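Look at the fold before you read on. Let your eye follow the chain from one end to the other.

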Amino acid sequence: GGAMDRTSVIFVSVFSAIALLSTGLAFYIDPSPSSDDNVYNIIYNLDGGMANNPEGYCIEDDTFTLINPTKERYTFIGWTPKVVTVTENTTYTAEFEANTYMLTAVANDEVMGSVIGGGEYLYTTQAKLVASANEHYRFVQWSDGVAANPRFIIVTQDTTFTAEFEVEVFNLWVASSEPNKGRVKVTLTAE
């Protein structure tokens, strides 16, 4: 098959019924040789994937094409060993590669602060986001309400996090030097 569709062709034929293969471990058909030297069993290790492929074949029948397995959040990259004309009982292992997802991390206002840690990550990779406030500003929380900073995320899909910053507020209390004259609160903000 071509590089684009990654379909592998076996130049043999279907011998037994098609079985839905959905275990995370190897799918075993009785591996003992048949009484007919031209009939062979196929074992699939799908590593958690699913495929609807024949359990065996007879070299005297028509050819068939292996269906590439699917696995949620992974891409099938090929069979090991490479699929070729087979003349014995055979085991094929599906090889998968984790999909990548974009973690976008931004500040609600770049004048107030910045964020590092965004980028492309493999499925289930841990990412670290750090929000840094500029002078006279402070980090408040992330757009989903979480205040942890730094923040650790397990990436499972494309996601955006916005760091929310605000102007720092300072309260200054001014008191009279004379007893019982009171005090005044002055609130200062950076402009």
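The protein exposes about 11,700 Å², and carbon and sulfur atoms supply 51% of that area. Such areas come from the Shrake-Rupley method with a 1.4 Å probe; for residues, only the protein chains shown count as cover. This is a predicted model: local features need pLDDT of at least 70, side-chain atom pairs count only at pLDDT 80 or more, and totals for chains, interfaces and linings use all residues. Residues are numbered from 1 along each chain as its sequence is written, and side-chain values use heavy atoms, with hydrogens and water left out.

Of the 191 residues, 32% count as buried. Buried means under 20% relative accessible area, exposed means over 50%, and partly exposed lies in between (1.4 Å probe, protein chains only). Now take the contacts with a separation of 6 or more: residues 24 or more positions apart account for 51% of them. A contact means heavy atoms within 4.5 Å.

Next, the sheets. Strands of a sheet pair through backbone hydrogen bonds, either parallel or antiparallel. Here two strands pair if DSSP finds at least two bridges between them. Three strands form an open sheet in the order β12-β14-β16, with antiparallel pairing. The edge strands are β12 (113-116) and β16 (151-154), and each pairs on one side only. Neighbouring strands of this sheet are turned by 20° against each other on average, direction ignored. For such angles, axes are lines fitted to C-alpha atoms, for helices over the stretch in contact, and angles run from 0 to 180 degrees between N-to-C directions. Four bridges join β12 to β14 (residues 126-133). Find V115: its bridge partner in β14 is A131.

Another open sheet has four strands, in the order β13-β11-β17-β15. Its pairing is mixed. Strands β13 (119-122) and β15 stand at the edges with a single partner strand each, so one side of each is left without a neighbour in the sheet. The twist averages 25° from one strand to the next. Strand β11 (residues 100-107) pairs with β13 in the antiparallel sense, over four bridges. Y101 stands opposite Y121 in β13.

Now turn to the rings. Rings of Phe, Tyr and Trp (its six-membered ring) pair if their centres lie within 6.5 Å; planes under 30 degrees apart count as stacked, over 60 as edge-to-face and the rest as tilted. The count comes to nine aromatic pairs. One of them joins F139 and F165, edge-to-face, at 5.9 Å centre to centre and 70° between the planes. This pair links distant parts of the chain: F139 is in strand β15 (residues 137-142), F165 is in strand β17 (residues 159-167), and they are 26 residues apart. F139 counts as buried because its relative accessibility is 15%. F165 counts as buried too, at 5%. Elsewhere, ring pairs link Y44, F76, W79, Y92 and F96 into a cluster.

A ring can also meet a charge. K71 lies over the face of Y74, at 4.4 Å from the ring centre. The rule asks for NZ of Lys or CZ of Arg within 6 Å of the ring centre and within 35 degrees of the ring normal.

Finish at F170, in strand β18 (residues 169-175). Its relative accessibility is 41%, so F170 counts as partly exposed. F170 and H136 are 34 residues apart in sequence and 9.7 Å apart in space, C-alpha to C-alpha.

Technical notes:
Helix = DSSP H or I, 4+ residues; strand = E, 2+ residues; numbered from the N terminus.
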